[in-house]
Amino acid sequence: MNIRPAQFSDIEEMLNVKRELVFRESNGVSTHGGFLLGTDAQGYRIRIAQQLTWVIDDNGVKGFSIMLPNQALRASEIWSRRNDVKWTIDPEPIENSRLGYYDQLAVLPGPWRSFAPVIAIVSIMDFMRQEPDYVISSTVIKPVTNLAAVPYLQFLGGTQVGILDEVDPVVGQLVSDIWLAPRHTIEKFLHTPPSAAIAKYVHQAKELLDKYKS
């Protein structure tokens, strides 16, 4: 079992992870499934080229975590939809800031799930070397509320700052919460984790970053 930076040769197995992840619902709420829409082989190739994609490798890819840096975010379809967001804050300061987007966290059911916190943290830690002002992300609330990433965003100091209501060609109406975490709260989380267990994950993530990108 290893967590490492993604390679182009991982793309087909990343697509397999995406295909295998389906919602496990309880009253319309998913805490274990995935909602990886839209990304095809070329999309993963573009993301890997940004050098902010990490994978869990256990005789093949069992999970991955992806950040989009500022330039890639602003060139993406995600950014083109920002004017459709119903913001609860003034978005102008965000638009003029250095940003990153937490794009995808996907881990197959099984023993690999215990590595989800580490790969999520190393992905964030890797991106924070670019000294962004904010990290943005989104979580689906309709047609199913996907809670899988919410605890991670809250640990980073993220708050819900808007809602995006759109029509997806695959699932129809798709509503997402937009989250925003400022640099100082992320740095606080990384420097002073809120518990001993999380401190262990942060330490493991730092060792991985030192191993592969020092």
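A salt bridge here is a side-chain nitrogen of Lys or Arg within 4 Å of a carboxyl oxygen of Asp or Glu. By this rule, the count comes to eleven salt bridges.

The model is predicted: local features need pLDDT of at least 70, side-chain atom pairs count only at pLDDT 80 or more, and totals for chains, interfaces and linings use all residues. Residues are numbered from 1 along each chain as its sequence is written, and side-chain values use heavy atoms, leaving out hydrogens and water.

| Pair | Closest N to O |
|---|---|
| Lys213 and Asp126 | 2.6 Å |
| Arg183 and Glu187 | 3.0 Å |

Helices are DSSP runs (H or I, at least four residues), as are strands (E, at least two), numbered from the N terminus. Asp126 is buried, at 2% relative accessibility. Buried means under 20% relative accessible area, exposed over 50%, and partly exposed in between (1.4 Å probe, protein chains only).

Arg183 and Glu187 are four residues apart in helix H8, about one helical turn. Arg183 is partly exposed at 27%, and Glu187 is partly exposed at 28%.

Helix H9 covers residues 196-213. Its buried residues are Ile198, Val202, Ala205, Leu208 and Leu209. They line one face, because they fall within an arc of 120 degrees seen down the axis of H9. The arc is taken from the directions from the helix axis to the C-beta atoms. On the other side of H9, Ala196, Lys200 and Lys211 are exposed.

Definitions and conventions. Expected span 1.5 Å × (residues − 1).
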